Amino acid sequence: MPEKILVVEDERNIASFVSMYLKNARYHVEIARDGTEALQKADATKPDLVVLDLMLPDIDGLEVCRQIRSNSDVPILMLTARDDDVDKIVGLEVGADDYLTKPFNPRELVARIKSILRRSTGAQRKPQEAAMEHGNLRIDAGRREVTVSGAQVQLAPKEFDLLWELLDHRGLVLTRDQLLERVWGYTFAGDTRTVDVHVRQLRRKLGDDCPVATVWGVGYKVADDAPVA
Ligand code: CA
């Protein structure tokens with residue numbers, strides 16, 4: 001069965017252009033013209049991925065992202081017309097997996113969607129019992145659940161994957177490019193700000209229990225030995 005992509009875009013020419021490329025790549029495409037329709041279709045059609053424009057006529061893309069994220073782990077790729085880092089970063093902070101700035105190359109959009117979907121189905125294939133502990137922190141790949149001293153912490157999908165990757169390589173420094181490739185699936189050097197924003201979110205959510213250390217100018221690592229719980 002073809003994977004289903006929900007494209008949320010009020011500009012008709014962009015929506016049909018994106019839709020054409022996605023159909024050529026053998027995806028099933030649903031289109032929503034505004035935020036209300038997006039929320040409705042995200043719920044009713046259970047898409048495998050959402051392409052979400054930031055600027056919509058009714059509810060803005062960030063709020064749509066936040067609402068979808070409150071009850072679903074579906075991958076979300078944000079489109080932003082403004083080449084403005086603040087918007088992109090806010091998009092990632094509300095739980096988007098990735099973003100593209102308009103005007104974008106449709107081939108790049110398709111490549112990113114493929115990579116996000118490959119990653120998200122890869123994550124589901126992790127063995128049910130796979131879990132790691134570090135100090136007070138426990139991360140469970142089967143349940144996609146993170147707890148600190150037994151209390152559950154809600155992480156966005158990419159925050160979860162990033163934490164998993166770093167814990168899985170504890171004691172080793174992973175560069176931003178390596179993390180982009182392993183977590184986001186880019187095989188070219190992408191925008192490494194994405195990694196920094198996600199690490200910042202992990203620190204905000206996990207507080208003092210966040211094990212991720214910055215290795216200046218290089219990347220990030222999790223120390224080999226967990227602090228005594
Ligand atoms: Ca728009």
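**Thr-194.** Thr-194 lies in helix H8, where helices (H or I, at least four residues) and strands (E, at least two) are DSSP runs, numbered from the N terminus. Its relative accessible area is 3%, so I noted Thr-194 as buried. The terms are: buried under 20% relative accessible area, exposed over 50%, partly exposed in between, with a 1.4 Å probe and protein chains only.

**Ground rules.** Residues are numbered from 1 along each chain as its sequence is written, and side-chain values use heavy atoms, with hydrogens and water left out. Because the model is predicted, local features need pLDDT of at least 70 and side-chain atom pairs count only at pLDDT 80 or more, while totals for chains, interfaces and linings use all residues.

**Gln-201.** I stayed in H8, which covers residues 193-206 and holds Gln-201. Gln-201 counts as buried, at 4% relative accessibility. Which residues does Gln-201 contact, leaving aside neighbours within four places in sequence? I listed Glu-93 and Glu-159.

**Strand S5.** Next I took S5, residues 98-101. Asp-98 and Leu-100 point one way from the strand, Tyr-99 and Thr-101 the other way, and all are buried. S5 runs parallel to strand S4 (residues 76-80), and four bridges join them; two strands pair if DSSP finds at least two bridges between them. I noted Thr-101 as the bridge partner of Thr-80.

I checked Pro-103, which sits in the loop between S5 and helix H5 (106-124). The peptide bond from Lys-102 to Pro-103 is cis, with omega near -5°.

**Nonpolar cores.** A nonpolar core is a set of buried Ala, Val, Leu, Ile, Met, Phe, Trp, Tyr and Cys residues joined through side-chain atoms within 4.5 Å. The largest one has 29 residues, and Leu-163, Leu-206 and Val-212 have the most contacts inside it. Strand S7 (137-140), strand S8 (145-148), helix H6 (157-168), helix H7 (176-184), H8 and strand S12 (219-222) each give two or more residues to this core. H6 gives the most, six residues. I also looked up Leu-206: not counting residues up to four places away in sequence, Leu-206 touches Leu-137, Val-146, Val-148, Val-153, Leu-163 and Pro-211. A second, separate core has 21 residues, including Leu-52, Leu-56, Leu-62 and Met-78.

**Calcium site.** Which residues coordinate the calcium ion? I wrote down Glu-9 (OE), Asp-10 (OD), Asp-53 (OD) and Met-55 (O), at 2.0 to 3.1 Å. Donors are N, O and S atoms within 2.8 Å of the metal (3.2 Å for Na, K and Ca); water is not among the atoms, so sites may look incomplete. The spacing of the donor residues in sequence is E-D-x42-D-x1-M. Glu-9 is buried at 0% relative accessibility, whereas Asp-10 is partly exposed at 29%.

**Aromatic pair.** Rings of Phe, Tyr and Trp (its six-membered ring) pair if their centres lie within 6.5 Å; planes under 30 degrees apart count as stacked, over 60 as edge-to-face and the rest as tilted. By this rule I have one aromatic pair. The ring centres of Phe-17 and Tyr-21 are 5.5 Å apart and the planes are at 75°, so the pair is edge-to-face. Both residues lie in helix H1 (residues 12-24), four residues apart, about one turn of the helix. Phe-17 is partly exposed, with a relative accessible area of 35%, and Tyr-21 is partly exposed at 23%.

**Positive phi.** I noted two residues here. Arg-26 is not a glycine, yet its phi is positive, about 70°. Arg-26 lies in the loop between H1 and strand S2 (28-32) and is exposed at 70% relative accessibility. Lys-46, also a residue other than glycine, has a positive phi near 45°. Lys-46 lies in the loop between helix H2 (35-45) and strand S3 (49-53), and counts as exposed at 55% relative accessibility.

**Totals.** Buried residues make up 48% of the 229 residues. Of the contacts with a separation of 6 or more, 59% are between residues 24 or more positions apart. The protein exposes about 11,200 Å², of which carbon and sulfur atoms supply 48%; accessible areas come from the Shrake-Rupley method with a 1.4 Å probe, and for residues only the protein chains shown count as cover.

Note on methods:
Contact means heavy atoms within 4.5 Å.
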